[in-house]
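Please look over the sequence and the model shown below before reading the notes that follow.

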Amino acid sequence: MQTTKEIIKLKDITVSSDGEQVLSGLDLNISDGEFVTLLGPSGCGKTTTLRIIGGFVTPDSGSVFFDGKDMAKLPPYKRPVNTIFQRYALFPHLNVQDNVAFGMRVQGKKKTEIRETVDRMLKLVNLVGFNERRIDTLSGGQQQRVAIARALANNPRVLLLDEPLAALDLKLRKDMQAELKNIQKSLGITFIYVTHDQEEALSMSDTVVVMDAGRIQQIGTPQDIYNEPKNAFVADFIGESNILDGIMHEDYLVEFFGRKFPCLDTGFDKDEPVDVVIRPEDIDIVPANQGHLTGTVTAVTFKGVHFETIVDFKGFKWMIQTTDYYPVDSIIGIVLNPEDIHIMKKSEYSDMFGDYSSYSDEFDELGNPEVDLTEDTAAEVEE
Ligand SMILES: Nc1ncnc2c1ncn2[C@@H]1O[C@H](COP(=O)(O)OP(=O)(O)OP(=O)(O)O)[C@@H](O)[C@H]1O
Ligand SMILES: [Mg+2]
């Protein structure tokens, strides 16, 4: 159950090491009971952000608040958070129940309470009867569950999880994703979860925080992040994207590839240069003479659910995901509906992502498409 009460606030956090900015002006508000995921490529500062919340790293500047109180002076063990580290860091010389009980023993809890909690936690993570097992006899997934049980046994209000499933195979990871999500929901604990797996982030989180190079690029619901990426980095990092240069002539009208297309976006300057994102699964393939654009299939890969089809539009290669098979050298048309076109502001990431070959000089010559649009489709475009 999500509430709007704020539990953690990071304000203008800056961290540098050896003259390199690790985090630059990071602001983040997290609500009580929220599942927040920090998502970004290796080295973008995800673990550092968690370590600041946990109290293991002191920022150069900026503040961390918990329930509105500044945590600067609070050492890690006094913070109401628990961490599952990037490597699980279980105690190999202790058995399962002693690992899970560790924090409670340190706190001087009563034996009966400890035993009762250990059993409850092992049940929660599906490890009933594993109490006496040595850590080195457990599989990776089982060790992961012990790490989760150990963290939850301390009854934290906030759990920090640093790539907890990275070491697991795909199938087990999917199962554990569902289990973790259930645990989070049923206990109502705030989860701050780190991953560089975009699918994991989208499927588990209430809120996704996309980071790159020590900065937050976008904060939003999984749907927001996917459907309305703020810039080319986010569009590229969250799933596959075709990203093109465009000109936003006026509200609801964008031009790219020498053609004007109706879209749903507003609020840009007149004739503002923009980045245009088109998701591979949103493109409809039609016979060449009915397309808004015409191209030639250059590669097809079977992906199980769909074919990943690369189509060359005079040197600019798009990815199209379709359940229909078009062999290499097929000439196809594509139709783009207004809701399939997403407009983004130009950014430092423009031109870095989003084509499936390299940019080509021929791109500039696309003003005159080979195939004339029929009256009907032309009317559709102008609508
Ligand atoms: N203790 C440290 N001393 C010096 N540099 C550090 C230290 N910790 C992290 N860094 C640097 O800060 C940057 C961010 O590191 P961080 O561990 O937060 O990245 P990450 O997003 O968790 O990456 P990954 O996905 O690889 O775990 C990296 O460039 C890293 O080399
Ligand atoms: Mg990390």
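**Briefing on the predicted model**

Alanine 166 is partly exposed, with 15 other C-beta atoms within 10 Å; a residue counts as buried if 20 or more other C-beta atoms, placed from the backbone, lie within 10 Å of its own, as exposed if 12 or fewer do, and as partly exposed in between. This is a predicted model, in which local features need pLDDT of at least 70 and side-chain atom pairs count only at pLDDT 80 or more, while totals for chains, interfaces and linings use all residues. Residues are numbered from 1 along each chain as its sequence is written, and chains are lettered from A and ligands numbered from 1 in the order in which they are written.

- Alanine 166 belongs to the loop that lies between β7 (158-162) and α5; helices (H or I, at least four residues) and strands (E, at least two) are DSSP runs, numbered from the N terminus.
- The C-alpha atom of alanine 166 is separated by 9.2 Å from that of arginine 87, which is 79 residues apart from alanine 166 along the chain.

**Helix α5**

- The 18 residues of α5 (residues 170-187) should span 26 Å at 1.5 Å a residue, and the end C-alpha atoms are 26 Å apart, which agrees; the expected span is 1.5 Å times one less than the number of residues.
- Met176, Gln177, Leu180 and Gln184 are the buried residues of α5.
- They lie on the same side of α5 because they cover an arc of only 115 degrees around the axis, the arc being that of the directions from the helix axis to the C-beta atoms.
- The other side of α5 carries Lys171, Ala178, Asn182 and Ser186, which are exposed.

**Around ligand 1**

- The residues around ligand 1 (C-beta atom, placed from the backbone, within 6 Å of it) include Ser17, Val22, Lys46, Thr47, Thr48 and His196.
- Helix α1 (residues 46-54) gives the most to this shell, with three residues.

**The whole chain**

- The protein chain has nine helices and 20 strands, and its C-alpha atoms fill a box of roughly 80 × 45 × 40 Å along the principal axes.
- Of the 383 residues in the protein chain, 38% are buried.
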